[in-house]
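Please look over this model with me before the group discussion. My notes are set out as numbered points.

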Amino acid sequence: MTEAALSAPVAAPAVDRERLTAVGFVLPSFVIIAGVFALPLMLLLGVSFVDANGLTIANYKRLLGTPYYLWVIWNSLRLGLLTTIIAFLISYPAAFALARARGPLRSVLLATLFLPLAASVIVKAFAWTILLRSDGIVNETLMALGIIEDPIRMIFTETALIVGAVNIFLPFMILPIYAIVAQLDSRYAEAAATLGASPVVTFFRVILPLTLPGIIAGVALVFSLSVSAYVVPTLLIGEKYPTLATTIAKAYLLAREPGFGAAAGVVLLAIAIAVVALSARLSREPK
Amino acid sequence: MSESSPHLVVRGVSKRYGPTTVLDHIDLTIRRGELVTLLGPSGCGKTTLLRAIAGLAQPDTGKVELAGRDITHVPPHKRNVGVVFQSYALFPHLTVAGNVAFGLKVRGMARREIDVAVDRALSLVKLGHLASRRISALSGGQQQRVALARAIAVEPDVLLFDEALSALDRKLREEMQVELRRLLQEVKATAIFVTHDQDEALTMSDRVAVMNKGRIEQLAEPRELYLRPASLFALNFVGLSTRISGTVLSADNGKVDVETKVGRLSALGNFQAGSPVIVAARPEQLRIGGEDETNSASGRVRSVVFQGSRTLVEVDAGAGESLLAELSGRDGAIPGVHDEIRLSWPVAETFAFPMEAQA
Ligand SMILES: Nc1ncnc2c1ncn2[C@@H]1O[C@H](COP(=O)(O)OP(=O)(O)OP(=O)(O)O)[C@@H](O)[C@H]1O
Ligand SMILES: [Mg+2]
């Protein structure tokens with residue numbers, strides 16, 4: 001500090017030092033990202049264009065040219081989109097309720113959001129199978145109450161899949177939205193009201209645009225998590241709802257087709273990036 | 001509507017938050033085109049009163065009428081009341097022009113008319129050149145102007161300013177005070193300012209309402225407020241004064257003789273003999289020397305503060321009482337510290353206030 005003060009008239013070294021410090025802070029995360037993400041990603045991309053005979057685009061042709069695999073891609077998209085939309089519809093009002101809550105209630109609500117994050121996805125998915133099985137808690141209860149006579153088929157349906165996925169990924173939608181909503185100054189809504197905006201108009205012209213960054217973060221998180229979910233579809237619906245993630249696993253573990261698996265991985269990644277980029281684009285206020 | 005007919009009427013408005021009474025039967029009538037300031041210490045209920053007028057806080061009892069309409073139960077967006085918040089509350093996702101246009105858009109005004117109105121409002125506050133700027137790229141003073149332009153663009157029936165200038169530095173604030181008053185008079189706006197800055201109140205307004213503990217203690221023109229404070233609180237809150245405690249000896253026709261530790265003084269006021277009172281006078285009424293038919297007291301000069309056109313002299317009158325005199329250079333010699341002097345002031349400019357009302 002003293003040294004910096006003494007050398008203050010000579011501006012150049014100070015600036016350099018600042019820049020060096022900044023680089024120093026960024027370096028570790030840069031190394032990790034490069035080593036853990038960028039490098040494997042390059043490998044993945046490379047492998048996806050290779051088969052036994054050398055360079056090829058056959059993997060992509062197979063993936064994007066076969067009706068079965070288009071259906072698989074569609075399944076992944078459906079899972080991602082439905083989960084994201086439903087999670088958003090639940091989370092948006094929930095985030096406001098959370099921000100309005102005071103004292104112990106707020107702590108309890110926040111804890112119920114955070115605690116499930118500590119449990120592994122597998123545990124939570126299994127919990128859903130226990131609930132939804134033919135001899136599961138939900139069916140047993142309904143039968144005991146005489147509401148139904150025979151167990152309803154709940155597990156291994158798309159409904160079960162979406163319900164489970166929404167439940168498991170919900171915190172990733174609520175928390176980013178809550179973070180924005182909690183900081184939202186109530187004066188904005190009051191100012192809008194005094195300018196003549198009804199509550200509905202205020203919502204669409206002020207509240208929604210101001211909370212958009214939280215929505216985008218939540219959508220990007222939940223979509224990229226659910227579109228690529230592996231455990232959730234495997235446990236809650238299984239074979240009859242193949243997704244890109246389960247296809248990748250099969251290609252590597254059973255079929256021993258790393259090139260094809262890699263291509264599926266690249267397509268999955270492209271979808272996730274496309275949706276994240278699109279939602280970031282939408283966040284920009286249209287003129 | 002005539003210039004002098006009541007435009008905004010607040011009648012018997014009370015508001016409690018839990019056990020605390022924040023507004024205590026407020027009555028306030030404002031004429032069309034009048035600029036009124038609510039002046040009072042922190043927590044006395046100024047903001048709450050503004051919010052009740054704007055419809056952002058529902059009073060427990062009482063009525064609010066604006067432009068001949070009972071708006072007590074009208075929601076804020078249907079009141080046509082403009083508010084300039086202390087924090088400005090400009091919409092960060094909109095440009096300067098977008099902010100000013102907001103109120104016109106939600107009123108469904110045609111686009112062409114909106115553009116014209118926005119241009120006019122922005123040129124009034126001299127910000128036409130910044131129309132397409134982002135809010136975050138404005139200085140505090142510029143934001144203040146945008147907030148003002150946004151509020152006046154919709155031509156509200158009354159404009160409410162909640163310490164709208166207090167975020168500005170002193171020089172800018174003083175400039176804005178004068179400019180704002182000129183501008184509001186130009187557009188013939190009716191406005192209420194909230195402030196705890198007495199200079200701002202005296203500069204900006206046609207009338208000042210001194211608030212204390214949820215009540216309006218006095219509503220008067222700035223000059224009258226200064227010359228004829230209605231209560232000890234109003235006296236203390238606006239301007240300086242000499243205050244001496246004592247007991248009423250005799251009362252006669254609006255005049256009292258008071259026994260104090262610095263001698264017998266006469267003052268205006270209606271009290272019964274034996275009442276404890278505070279006798280007060282404004283410092284510019286005090287003159288050096290003793291004259292007949294005036295109040296006077298003597299003591300040793302404690303401090304002399306030169307303030308340009310005037311000099312403030314504080315005199316220790318003994319027994320814990322002090323006198324404050326404001327002398328102009330024309331009055332002749334300014335005493336030095338430790339000088340023994342005698343000060344006198346006219347009985348007609350001396351007031352007595354009940355002791356227990358001390359804030
Ligand atoms: N929403 C609320 N809930 C509970 N108490 C409140 C609320 N709003 C205001 N109060 C209380 O009412 C009193 C008056 O508040 P108000 O904001 O009107 O004061 P003010 O005169 O504007 O003060 P300042 O000059 O500090 O802004 C304060 O004691 C405050 O704590
Ligand atoms: Mg206030």
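This is a predicted model: local features need pLDDT of at least 70, side-chain atom pairs count only at pLDDT 80 or more; totals for chains, interfaces and linings use all residues.

The points below go through the annotations, the surface patch, the ligand site and the salt bridges.

1. **Chain A annotation.** An unreviewed UniProt entry places the feature "transmembrane region" at residues 25-49, 69-96, 108-131, 160-181, 188-208, 214-238 and 259-280 of chain A. Two of these spans can be set against the model. Residues 25-49 of chain A are 96% helix and 0% strand, with end C-alpha atoms 36 Å apart. Residues 160-181 of chain A are 100% helix and 0% strand, and here the end C-alpha atoms lie 30 Å apart.

2. **Chain B annotation.** For chain B, UniProt gives "domain: ABC transporter" at residues 8-238, again from an unreviewed entry. The model shows 36% helix and 26% strand over residues 8-238 of chain B. The end C-alpha atoms of that stretch are 25 Å apart.

3. **A nonpolar surface patch.** Which residues form a nonpolar patch on the surface? They are V23(A), F25(A), V26(A), L27(A), F30(A) and V31(A). Together they have about 640 Å² of accessible area. F30(A) sits in helix α2 of chain A, residues 11-48. Its relative accessibility is 55%, so F30(A) counts as exposed.

4. **Who surrounds ligand 1.** The residues around ligand 1 are Y17(B), V22(B), P41(B), S42(B), G43(B), C44(B), G45(B), K46(B), T47(B), T48(B), E163(B) and H196(B). Helix α1 of chain B, residues 46-54, gives the largest share of this shell, with 3 residues.

5. **Polar contacts of ligand 1.** A side-chain N or O atom of S42(B) lies 2.4 Å from an oxygen atom of ligand 1. For the side chain of T47(B), the distance from an N or O atom to a ligand 1 oxygen is 2.6 Å. G43(B) takes part through its backbone: a polar atom there is 2.7 Å from an oxygen of ligand 1. On its own, ligand 1 has 640 Å² of accessible area, and the protein covers 57% of it.

6. **Salt bridges, chain A.** E257(A) is partly exposed at 28% relative accessibility. R62(A) is also partly exposed, at 32%.

7. **Salt bridges, chain B.** R173(B) and D197(B) meet at 3.8 Å, N to O. R173(B) belongs to helix α5 (residues 170-186) and D197(B) to the loop between β8 (191-195) and α6 (198-204), so parts 24 residues apart in sequence are tied together. Buried or exposed: which is R173(B)? R173(B) is buried, because its relative accessible area is 18% and the cut-off for buried is under 20%. D197(B), at 22%, counts as partly exposed.

8. **A strand pair and a network.** R302(B) and D316(B) form a salt bridge at 3.5 Å, N to O. R302(B) lies in strand β16 (residues 294-306) and D316(B) in strand β17 (residues 310-316) of chain B. Separately, R187(A), E190(A) and R51(B) are linked in a network of salt bridges.

Key
Residues are numbered from 1 along each chain as its sequence is written. Chains are lettered from A and ligands numbered from 1 in the order in which they are written. Side-chain values use heavy atoms; hydrogens and water are left out. UniProt positions are given in the numbering used here, feature names are shortened, and annotations may be inferred rather than shown by experiment. Helices (H or I, at least four residues) and strands (E, at least two) are DSSP runs, numbered from the N terminus. Patches are made of residues with over 30% relative accessible area and no salt bridge: like charges are joined within 9 Å, nonpolar side chains (Val, Leu, Ile, Met, Phe, Trp, Tyr) within 5 Å. Accessible areas come from the Shrake-Rupley method with a 1.4 Å probe; for residues, only the protein chains shown count as cover. A salt bridge is a side-chain nitrogen of Lys or Arg within 4 Å of a carboxyl oxygen of Asp or Glu. Buried means under 20% relative accessible area, exposed over 50%, partly exposed in between (1.4 Å probe, protein chains only). A residue is near a molecule or strand if one of its heavy atoms lies within 4 Å of it. A polar contact is a pair of N or O atoms within 3.5 Å; within protein, one must be able to donate a hydrogen and the other to accept it, and residues adjacent in sequence count only if both atoms are side-chain atoms.
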